[in-house]
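Welcome! Take a moment to look over the sequence and the 3D view, and then let the notes below guide you through a strand and a pocket.

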Amino acid sequence: MSVEVDLLLQEAKESIEAAQNYRSELQQRLHGLNQARKQIRGSSGQARETLQRHFAVLQAGATRLLNERLAALLAEVDAIEANSVKPLDDCQSLIENGVGQADELLREGEAALRCGLGEKEDKLGSFTKKAMHIQLDSLPEVPALVDVPCVSAQLDDSLLGLLRERVSRHGSVSSHPPVQIEELQERPGGILVRWCKVDEDFAAADYRLQYRRSGSGGSQYEDSYIGRDCEFLVLHLDPHTEYLFRVCARGEGRSEWSPWSVSQTGYTTLAPHEWCPGTEGYILSSRRNIALRSDSSNSRFPVLYSNTATYFCGQTLTFKISAAGQMDQRDSLGVCVDSGREAESLQRDQAVCISTNGAVFVNGKEMTNQLPAITVGSAVTFDMEVVNLFPSSNNHLSEGGNFKLRVTIGSGNREVVFDWLVDQAVDSLFFGCSFAHSGWKVLVY
């Protein structure tokens, strides 16, 4: 009987645990539904506000433009009327003055005819002289109606049709943006953002990536990248701090940007790569990720190492050359196991590197394969993965064991792949550079 009770108890416990897990899964799905509903309603509300605000601005702008055009046309009518009526007013004044003179002459003539014989000769003579002075045969010219303006307004009735056509195609509402963030990968001091098109009918000419700190109410999105690539490494991010990322696209031949993608949250736990301060002959930027070879007058040129061993296998380490000096076969950019050696180049044991002339060195030996020479704008990448030859029993790198690293060095459009045998197991590696001549400037990320 006790065995049956124990079995029942065990089954009951398993059922309770299953019910708890089931309830937890359902609650997570409810939370997901609530988040989806919140996104739909929130984005719909924002879309309504955007549409109302935009069309209110259009209505005000269209009203203003129509009023301005109406005022300009009325001003043209007023100007034509004023300029055309003035000559007529001048002619009318001249005619009215002539009518007055003619009336006065008529009165004098009639008075001369009615006067006595003694005064008639003098008055008729005076009348005759006055009549000759007035020039009764000279009449002012009055313009014909066809010669004076007949003001009219010409209005194109097709404007309303054109406006209706443009308005009917102005703006659009989409349920999904044409591009979405696909992946966020942490990098030392940054995050690699990858995105992709989800609307195959959308022909993208450019992409625009923005980011901001998460949870900061006053923080504004800022542009990080605009271009044709579908990935970008956002640098200068604080570790263990969440950031929001969003992306949009611009269609071929269009000036406006598409709706933003759904914002994605990402963060990095990896400290940024930094050069070691205080190394003779090098000047570092404030973030210590840019090094400038400043003085080559000293015959000794030490290696500039990283501040700590921050490069881990599985990551991509990049050196970006922003300024170049004179090449030297002893120059080097690369990765090493330790940073304590008093060497003038990474062309030594327990290090792999590339020289500025493109030669590749493994543990101090030059390979037959060679990469393009390093110049301004060159980006040299290092990728490594662990390949155990004789793994130790516990499989922990820090515990030792013979193993090798598979290294890929890329420069330009070429790369070399080789195996690098390391004497001791390491969890992380240092990086470094050395230049015999001044003028070289390198960014590491």
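In this predicted model, Val335 has Phe431 as its bridge partner in β19. On β13, the bridge partner of Val335 is Val352.

**Strand β12 and its partners**
- β12 covers residues 332-336, and β19 covers residues 430-434.
- These two strands, β12 and β19, run antiparallel to each other and are paired over 5 bridges.
- β12 also pairs with β13, residues 351-354, again in the antiparallel sense, this time over 4 bridges.

**Buried or exposed: what are the residues of β12?**
- Strand β12 is mostly covered, with 5 of its 5 residues buried.
- Ser332, Gly334 and Cys336 point one way from β12.
- Leu333 and Val335 point the other way, and the residues on both sides are buried.

**The largest pocket**
- The space in the largest pocket comes to about 1900 Å³.
- Its lining is made up of 43 residues.
- Nearest the centre of this pocket lie Ala47, Ser174, Ser258, Pro259 and Trp260.
- Sorted by class, the lining has 19 polar, 16 nonpolar and 8 charged residues.

**Which element gives the most to the pocket lining?**
- Helix α1 does, supplying 16 residues.
- α1 spans residues 2-114, and β6 spans residues 243-251; each of them supplies at least two residues of the lining.

Conventions. Residues numbered from 1 in each chain as written. Predicted model: local features only at pLDDT ≥ 70, side-chain atom pairs only at ≥ 80, totals over all residues. Heavy atoms only, no water. 1 Å grid on protein atoms, 1.4 Å probe; cavity = no way out; pocket = protein on both sides within 12 Å on 5 of 7 lines; lining within 4 Å. Points joined across faces, edges and corners; volume = space filled by probe spheres on them. Nonpolar A, V, L, I, M, F, W, Y, C, P; charged D, E, K, R; others polar. Buried < 20%, exposed > 50% of the residue type's maximum accessible area, 1.4 Å probe, protein only. Pairing = 2+ DSSP bridges.
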